[in-house]
Amino acid sequence: MRPEHWWFTAPLRVRSLFRRARVEDEMDEELQFHLEHKIEEGVSRGLSPEEARAAALRAMGGLEQRKEEIRDTRRVHWLTDFVDDVRYAARSLRRTPGLTAFIVLTIALGVGMTATPLSMLDALIFRPYPVPHPGSVVTLVSTSRDNAFDSFSYPEYRDIRDHVRSYDGVVAHSGLMPVGFSPRAVEIPRIRGALLVSGNFFRSLDVEPRIGRGFRDDEDRVPGRDAVVVLGADFWKSEFGGDSSVVGRTIRLNGRDFTVIGVAPEGFTSLYIFDRPDVFVPLAMSGAFTTNPKKSFFSDRDDRELVVRGRLRRDARLGDARSELESIAKDFAREYPSTNRGRGATVRTMLEMRTQPGDANWKFAVIFTTLAFVVLLVACTNAAGLLLSRARARTREIAVRLAIGAGRFRLIRLLLTESLVLALLGGACGVAIGYAGIALLQRLSIPAEIPIRIPFRMDERVLLASFFFSVLSAVFCGLAPALQGTRMDLVNGLKAADVEEPGSRRFRGRNALVAAQVAMSLMLLAASFVMYRGFHHSLSEGLDFARDAKDHVLLARFDPRLAQYDADKTRRFYRQLVERIREKPGVRSAALCLNPPLGLDGWDLVTFVPENFDMPRDREVLDSRMDAIDGDYFRTMGIPIVRGRDFRGSDDEGAPRVAIVNEHFARHYWPNAEAVGRRIRLGGRAGDPVEIVGVAQDIHYGDTFGGRTDFVYMPVAQHPVSRLVLMVRADGDPLQLLEPVQEVVRSLDPNMPMLRTMSYAELYRYSVVVGPGIAIKLVGTLGAVALLLAIAGLYGLVAYNVSRRTREIGIRMAIGARPRDVLRLVMGKGLTLVAIGTLFGLAMGFAVERFMNSMLFSMAGTDVTVYLVVVPAMLLVTMLATWIPARRATRIPPTLALRCE
Amino acid sequence: MSKPADLVQGTLDLLLLKILALEPLHGWAISLRLRSLSSDVLQVSEGSLYPALHKLEQEGWIKAEWKQTENNRRAKFYSLTRLGRRQLETEAANWQRLSAAISYLVQLSEA
């Protein structure tokens, strides 16, 4: 319609809506005016006033009908009718408060159960990047046979940036890195999260700094020259109290002075949903952040640590961008065969990046959401069943309305409005339940070094989704009762309050609903058991060491670079540290490692070629997780060496390189021979040879869903690193060693920060107890709620049947039926439904088990024990749900039953 | 909305627009005008007059104002809007096309 049209009509609509009484009065006055003139005309023609009045009304053809016609022209009656319907619905629902509360609660549970997983799903998959026009931001990834989402090295990034044409800008950033921060030189540094970004990062992502400015391209040209930093908004507030004079000030990062040039805008965290960088630093300053002094970030083409993002040009197509990048990757492979042979590249969208096959988080969210929707379905089914019986109890009311001329469509609308009111009330309560679930997730405190952001929250997106699903469930559970309720034989409908014969078609609908509920809740129960068993299985192996270590081991992380140590000084520091701590009373042993088992910082990888091993034809090198360790590592952690020997002090820099592998590794590469004494070559066929001197027991290294993996240990002396974790095994409570350890550190260097000190129990609790516990709790809640709903549905159905057949039962008992017969009669139907539901539920359970196993747990097959637990439990509970109302039926005194109605 | 059976669909709208194009009138006056102008050939039931007027108002073709009549009574006067004038032109044109076509058909000799 033309805007000019609206100019004239919009005020009229608003007036019709909000000045309804006034508009009505004016209509009356106008018609009255006409009638009066008409009457006058009649009188002047010689009629008596009464006759004239009657004639005038006749000429009008029914005043009230005309008024209705006029009201219909206002084009807002759909809305005013709706308001009337809502009022009416509220009144009629208030008359049956118990039933209303029950339906509202049912829907609240259903909607509430979906809110938590939706917030997870949103955060992990759908929430757009916190930048303007997030849709055009894509990720450029390097691909190899093993990794379809690999990063790029700095030289590769530079070449790509200079050669691509499909983008308005191509930026690169690192992962979140720990950095030692101190506002002034004299203060002991604290650990914060830093993001290394290319000079065009803020500009190309259209992120306008809140104050100050972003980086310039020339601040990212010369390695180590421009020590400038942009602060994260939250960090700026917590550390500098939101003081805008911070721009231009100097802060210290990893012992270097950096000038603050700006503050990132609020809400801009990074492109990773879990990260919240405290500071942004140009890539050219990466010298202050490298962990491995041997690597050269600016020239090594295979030091792939950068995530590369591009902002697609408006006229560029994704396909073109892909083929462009692929051809660049081909050039790389031709020009730099030693680092890029067999390597490709492609462009990934946000969705592709967030649903990488190797990531278990989003898969859990998907499974969790699916299950939650089944609960919502169960809830809706339940509500539909209740509304069906309600509609039947209102047969007479509906029949009267139809008889006096209400349109069927109008009545359906009225009934749907009722279910909408119910669903929206339920949805509102559901949001409250969802809040509780999300609060549970937010309570997770992850004992990582840099605080990890829990991105799950109840925001407007989740609220909108909850609202949407409430409306949807209103339609779902209201439509069938509304359609059925308004299709009736009027004569019968007017005669009796409840005209349906059991076994009629209508009744089958409700039976199917109950059977479906039983089936779906059985499936959900099975799913929560599968989840429980999966975690149990993955946590049952390789954790003996941790159960012992959690009560005895103290962890403290160090990074001597924060105190400006060079490699020699670092080595000396660590040696003295371990030696002195060993001498303290109460210390049984002490060790150093990169990352403790069950740690959260991710493992370093080592690439190698085993000697005398038939490499798979398509592989140049293999890789494995690794740890660099020192001191009494295996004794401190309680991991037995099963064959060969432990590292010795003589395995130092000058000595031949050695490694210890885990049992899985040994079996993997030398299934029929002894691994001890074999050699692997680092990095490739021509790399340094490393002799395997021992085999350590397999342990659980820390991924919740992971199975067994290869693992390699190397001595720190031969694999120098700067950031290490000190692990001290105590005779008793490890926290009692905190003071002595701090004393040792202070005596070595009073400026050396201890980054994160905790007992091993903290890691253990998070990885083994709390994390899986929350997952089990969430899925278990779904199962429990579904079961509860199914029980309620079943109970409701049988109880309703009993109340409808009171008279029949009375007659039966009066003519000699025993209570047992009545019980059988009433329970029979319920139990048949349970049986049918159980069969379907079993089939669905098998399917969902297979789905979960393939997605989360690398297991196959069906676990019968799950069903041995779930099915009998289900049967028992449902039996009880039919038995209680059935027993009540047997207690009906025949006289009372016969008098009923 | 019920239409008088003896009026071609949409004709009432056209008549009302035309009458109001001459001068603003209230409902009663419109009904009198309808009767006299069409010399009782076109029977418009008084009942369908008001729904039709309200429909035109809601379409934005005519607008209503409460004013005093000559004998000092309050009445709702309708007048044409800019949109209504345009609508009248189209409808009048349509009508002429239609009536020309029909009279041509009617006059065809049945040879």
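## Basis of the model

This is a predicted model, in which local features need pLDDT of at least 70, side-chain atom pairs count only at pLDDT 80 or more, and totals for chains, interfaces and linings use all residues. Residues are numbered from 1 along each chain as its sequence is written, while chains are lettered from A and ligands numbered from 1 in the order in which they are written.

## Chain B: overall build

Chain B contains 4 helices and 3 strands. Both are DSSP runs numbered from the N terminus: helices are H or I with at least four residues, strands are E with at least two. Along the sequence the pattern is α-β-α-α-β-β-α.

Of its 111 residues, 31% count as buried. A residue is buried if 20 or more other C-beta atoms, placed from the backbone, lie within 10 Å of its own; it is exposed if there are 12 or fewer, and partly exposed in between. Two residues are in contact if their C-beta atoms, placed from the backbone, lie within 7 Å. Among contacts in chain B between residues at least 6 apart in sequence, 54% join residues at least 24 apart.

## Chain B: sheet and last helix

The 3 strands form an open sheet in the order β1-β3-β2, with antiparallel pairing. Because β1 (25–26) and β2 (62–68) of chain B are at the edges with a single partner strand each, one side of each has no neighbour in the sheet. Strands pair if DSSP finds at least two bridges between them; β1(B) and β3 (residues 74–80) of chain B are joined over 2 bridges. His26(B) stands opposite Phe77(B) in β3(B).

Helix α4 (residues 82–107) of chain B has 26 residues and should span 38 Å at 1.5 Å a residue, which agrees with the 38 Å between its end C-alpha atoms. The expected span is 1.5 Å times one less than the number of residues. The number of buried residues in α4(B) is 2, so this helix lies largely in the open.

## Where the chains touch

The contact takes 21 residues from chain A and 17 residues from chain B. On the chain A side, α2(A) gives the most, with 6 residues.

## Nonpolar cores

A nonpolar core is a set of buried Ala, Val, Leu, Ile, Met, Phe, Trp, Tyr and Cys residues joined through C-beta atoms within 7 Å. The largest has 99 residues, and Leu371(A) and Ala526(A) are among those with the most contacts inside it. Helix α13 (residues 360–393) of chain A gives the most to this core, with 18 residues.
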